[in-house]
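The exercises below are to be worked with the sequence and the model side by side. Each task is followed by a stepwise solution.

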Amino acid sequence: MRRRTPLAAVTAVALGAGLALAGCSAGDGPELKVSGAFMPQPVGDMAAGFLTVENDGDGADELTSVTSTISDDITIHETKNQKMREVKSFGIPAGGELDLERGGSHIMFMALKQQPKQGDTVSIELHFEKSDPIKVELPVKETTHNPQKH
């Protein structure tokens, strides 16, 4: 004779296991979103990209690379003491943000395959140490565009 386990007991065990698993993962990592993205219209065969990556999560992450069909040579740079240098990654603190803005850290596109014009958009993909890649559309703005932070 087969013994039956009460449905309520099975449900309670399954629900408890699900909550335990959710408690281990929910809120423990980065939660990234991108805003303020743009590219000033390039005047030569290279361009810069700017954006903000906000991290509303409980874990830090790193921006490690950027890819796009517009260039095979895309790097990330920081500017310190009026000197620009390539870096391997940018930290994105838990509960904080990474600002890539004029005069500071930015994305650098070298040897452009095409010349985007004001009004166009450039598709890029941001790659991170922990988070899934994020696809971003960079609207191409006038060459002198410089939004003011609030």
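**Exercise 1.** Which residues of the largest nonpolar core touch the most other members?

Solution. The model is predicted: local features need pLDDT of at least 70, side-chain atom pairs count only at pLDDT 80 or more, and totals for chains, interfaces and linings use all residues. Residues are numbered from 1 along each chain as its sequence is written, and side-chain values use heavy atoms, with hydrogens and water left out.

Step 1. Apply the definition: a nonpolar core is a set of buried Ala, Val, Leu, Ile, Met, Phe, Trp, Tyr and Cys residues joined through side-chain atoms within 4.5 Å. Buried means under 20% relative accessible area, exposed over 50%, and partly exposed in between (1.4 Å probe, protein chains only).

Step 2. The largest core has 27 residues, and L51, L63, I107, F109, I124, L126 and L138 touch the most other members.

Step 3. Take L138 and leave out residues up to four places away in sequence. Its contacts (heavy atoms within 4.5 Å) include A37, F38, L51, F109 and I124.

**Exercise 2.** Describe the setting of T75.

Solution. Step 1. Strand β4, residues 73-80, holds T75; strands (E, at least two residues) and helices (H or I, at least four) are DSSP runs, numbered from the N terminus.

Step 1. T75 counts as buried because its relative accessible area is 13%.

Step 2. Beyond four places in sequence, T75 has contacts with E86, H106, I107 and M108. One of these, I107, is also among the core residues that touch the most other members.

**Exercise 3.** Is M84 buried or partly exposed?

Solution. Step 1. Locate M84 in strand β5, residues 83-87.

Step 1. The relative accessibility of M84 is 48%, so this residue is partly exposed.

Step 2. Not counting residues up to four places away in sequence, M84 touches H77, E78, T79, H106 and M108. G103 is 19 residues from M84 in sequence, with a C-alpha to C-alpha distance of 9.4 Å.
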